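Subject: Structure for you to look at

Hello,

Here is the structure I promised. Please open it next to this email and follow along.

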Amino acid sequence: MGLCLSSSSLRGAGGRKPERLGDWAEMLQLQRLRRLAGANCLLRRHSATWRSSPKNASFAEVLQLEDKKLTGVVFPLQGLERYLAPGVNTASFRTFSPGLDDIHRAEALFKPSGRHVIDYFSSAVRMDHAPQLSQPEVCFVGRSNVGKSSLIKALFSLAPDVEVRVSKTPGHTKKMNFFKVGKYFTLVDMPGYGYRAPQDFADMVEAYLQERQNLKRTFLLVDSVVGFQKADHTAIEMLEEFGIPYVFVLTKIDKASKGLLVKNVLEIQDFAEKHTQGCFPQLFPVSSIEYSGIHLLRCFIAHVTGNLPMMNS
Ligand code: GDP
C-alpha cells in the first residue's frame, strides 16, 4: 500500500506536538517515507543519475530537508503563508493538493529507464510541420527570457540526456519544440513572445492552440520579479478567446523578495479569479535553480495528462 500524506501534514510534522490522533498517523507516515527516501538516497548516491542531477532535483533528496524548508520547496505557496496579512483568503493555494506519495509517484514519469524513453522529438515552425502525436500534450508559453527553457530543463533534470537549450540572449526559441515523455505525454516548448520574438509567433501559436486536439493544458509563465507585462495580457486574451484551459506559472521565485513575491502572487490569483474563465485558480511558483515548486508541477502535469489518478486530493 502506498503512503498518502496530505500537504497540511507537513506543517504538523515538525517539532510541534501533534494535536489529533490523525496527526500522529500522518507524522509517522512522513517519518516512514523519509526513512525510505533516505535509503533510496544512499543507493542513488552511487548511480550516474544522482551524480548528474542538480541539488533537490530528486524528490528523495527533498524529503531529507527539515520541515520548513521541505514545505517551501514542495509547496511554495504554502511556504509564503506566514508572510501574508491576517485574513487573506488562501483557499486557492490548495486547489491542487496532492499527498507526498502522489508527488513521489509522479516523479517516475520524469525518470527515464530502458522501457521509458524521454527525449526531444522534433521541432516545427508551422503547424503543418508539427508531428502528429496521439498522447496527451501540455505546452509552455511565455515572454522571451521568462525562464521557460530553464524550467523545462529543471522538469527534465532526471533525464540528463534530454537536450533543452538555455539561451544567454533573449528570444532564441523560434520554433515549437516537441519532447516525448515515453508513451505518456508530449511537452511542447513554444517560441517566446515579446522582445525579438519571431514575426510569425502569433500565427504559429494561434494555429497551434486552435488546432491541437490533444492539448490538455497550457502553462503560461510569468516572471515573479517583473509580474504581468502587456505581452502576457495578449497571450491571456488569446487563451480566453479560444477557451483553452491554462494555468499560471510564476518563475524565478528565488530572485524575488518575499514582499514582491506575495504581492505578485496575490495580484495574479485575484486576476485569475475575477477576469478569467479558463485559468486554473491556483498558480504554480517555481525556481529552476532551487527546485522549489518543480516537484509539485511535475505532479500536476502527470495529473492533467491523465497519468496520475490522485490518491489524496
Ligand atoms: P527563456 O528565454 O524563457 O527560455 O528563458 P531562459 O530559461 O533562457 O532564462 C532566462 C534567464 O533567466 C537566464 O539567464 C536564466 O539563467 C535565468 N533564469 C531562469 N530561471 C531562473 C530561476 O528560476 N532563477 C533565477 N535566479 N534565474 C533564472
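Which residue in β3 is the bridge partner of Tyr120? It is Phe179. Keep in mind that this is a predicted model.

Now the strands around that pair. β1 and β3 (residues 176-181) run antiparallel to each other, and six bridges link them. In general, strands of a sheet pair through backbone hydrogen bonds. Both strands belong to an open sheet of seven strands. Read across, the order is β1-β3-β4-β2-β5-β6-β7, and the pairing is mixed. β1 (118-124) and β7 (284-285) are the edge strands. Each has a single partner strand, so one side of each has no neighbour in the sheet.

Next, the surface. Asp203, Glu206, Glu237 and Glu241 form a patch of negative charge there. Which helices each supply at least two residues of this patch? They are α9 (201-211) and α10 (230-242). Take Glu241 as an example. This residue sits in helix α10.

Last, helix α12 (residues 294-304). Is this helix mostly covered or mostly open? It is mostly covered, with 10 of its 11 residues buried. Among the buried residues are Ile294, Leu296, Leu297, Phe300 and Val304. His295 and Arg298 are buried in α12 too. Just after this helix comes Gly306, which takes a positive phi of about 80°.

Best wishes

Notes
Residues numbered from 1 in each chain as written. Predicted model: local features only at pLDDT ≥ 70, side-chain atom pairs only at ≥ 80, totals over all residues. Heavy atoms only, no water. Patch = residues over 30% accessible without salt bridge, like charges linked within 9 Å, V, L, I, M, F, W, Y side chains within 5 Å. Areas by Shrake-Rupley, 256 points an atom, 1.4 Å probe, with all protein chains shown as cover. Salt bridge = Lys/Arg side-chain N within 4 Å of Asp/Glu carboxyl O. Lys, Arg positive; Asp, Glu negative; His and termini not counted. Charge placed at Lys NZ, Arg CZ, Asp CG, Glu CD. Helix = DSSP H or I, 4+ residues; strand = E, 2+ residues; numbered from the N terminus. Pairing = 2+ DSSP bridges. Buried < 20%, exposed > 50% of the residue type's maximum accessible area, 1.4 Å probe, protein only.
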